[in-house]
Amino acid sequence: MIKTNGIEDVSYLKRSTITMTIYAYQTWPELEERLKTTKTVLFPVGSVEQHGHHIGVGADYIQADAIAHRVGEKCGALVLPTLCYGVSGHHKEFTGTLTLSTETYTQLVYEILESLARYGVKRVVFMNGHGGNNTGLTLAAKRARDDFGMLCAICTWWDILHNEKVLGHPAEQHAGYAETSFTLASKPEAVRMDLASCMATKQLDTDIQLTRAGLARYKNGMVRIPLQTADVTDVGSMTEAHPDDYPSVYDYSRVTPEFAEALMEKVVDWMCSFMKDFDEMKYPEWSIRRP
Ligand SMILES: [Zn+2]
């Protein structure tokens, strides 16, 4: 090691601003100082579940982790350690899916929120990579609001992209164009582009039109029919729309690293902007009128 005046140069150990946004790298006195001025933290959560023939089972936590850490790097958000496991029982017929029950998940998330509240954290933004977690996150957030006044926001990339098509398809597809892009931009080694496909939702009836494992169209209305993913797809990926709207696709040639990177950055920018506005959002005050 280089020595100046007999003193060992340890400047290589100095921490970059980037590492200072990673909760797990801080000591407790550093966190104590940081949390005096940090009201809102970012909590990436995902799942371990099948993603068709072409994306690794860690996809949902891999994406959430990557998005959150980019948000930390770009706008200084304090990023909690990623919760990799989620609620994926509806995928369990496909090998490799590891799941918690909604009850366990809710309690687990609630206890982390409770821990954060102990040290002064007032608001939590979830970067959630998996739709099956939404019920548990919502239940935990409601309890945290009731018990210690914490406000939470649950963000997913498909909600953020809800009003736009991704290469002509809805963002919310299991292992579809958008999800393949996010995994590619996060961990290219978790994607097998040569095997990429997205299957149309399998149908069980001519009048009840399944649009995905939990939702169907009937006449002009929608109805929720909780099914397993294996009920509506044989390979695991699915377009999450009726085949009349979106048939199976096998052409992923436009999902390039450049395309994936641009989609990722769009969501990261949205998150940076949202984190700031959510931090500044007025805490709700009740003025319930009585007759
Ligand atoms: Zn996923």
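**Note on the predicted model: helix packing, sheets and domains**

1. Ala-59, Ile-62, Gln-63 and Ala-66 of helix α2 meet Glu-179, Phe-182, Thr-183, Ala-185 and Ser-186 of helix α6; two residues are in contact if their C-beta atoms, placed from the backbone, lie within 7 Å. By class, the residues of this contact divide into 5 nonpolar, 3 polar and 1 charged. Here Ala, Val, Leu, Ile, Met, Phe, Trp, Tyr, Cys and Pro count as nonpolar, Asp, Glu, Lys and Arg as charged, and the others, Gly among them, as polar.

2. Two remarks on the source are needed. The model is predicted: local features need pLDDT of at least 70, side-chain atom pairs count only at pLDDT 80 or more, and totals for chains, interfaces and linings use all residues. Residues are numbered from 1 along each chain as its sequence is written.

3. The axes of α2 (residues 59-75) and α6 (residues 177-186) come within 9 Å and cross at roughly 65°. Axes are lines fitted to C-alpha atoms, for helices over the stretch in contact, and angles run from 0 to 180 degrees between N-to-C directions. The crossing of α2 past α6 is left-handed, that is, the near helix is turned anticlockwise from the far one by less than a right angle. Helices (H or I, at least four residues) and strands (E, at least two) are DSSP runs, numbered from the N terminus.

4. Met-127 stands opposite Cys-155 of β5. Together with helix α4 (residues 134-148), β4 and β5 make a right-handed β-α-β unit: with the strands pointing away from the viewer, the path from the first strand over the helix to the second runs clockwise.

5. A further open sheet of 3 strands has the order β8-β9-β10 and antiparallel pairing. Its edge strands, β8 (208-212) and β10 (221-224), each pair on one side only, and the twist averages 35° from one strand to the next. A hairpin joins β8 to β9 through 2 residues, and 4 bridges link β8 with the antiparallel strand β9 (residues 215-218). Gln-209 has Arg-217 of β9 as its bridge partner, while Ile-208 stands opposite Tyr-218.

6. The protein is divided into domain 1 (18-194 + 253-277) and domain 2 (199-248), with bounds from an automatic or database domain assignment. Their C-alpha centres lie 26 Å apart. In total, 15 residues of domain 1 are in contact with 12 residues of domain 2. On the domain 1 side, the touching residues divide into 3 nonpolar, 10 polar and 2 charged.

Definitions and conventions. Pairing = 2+ DSSP bridges.
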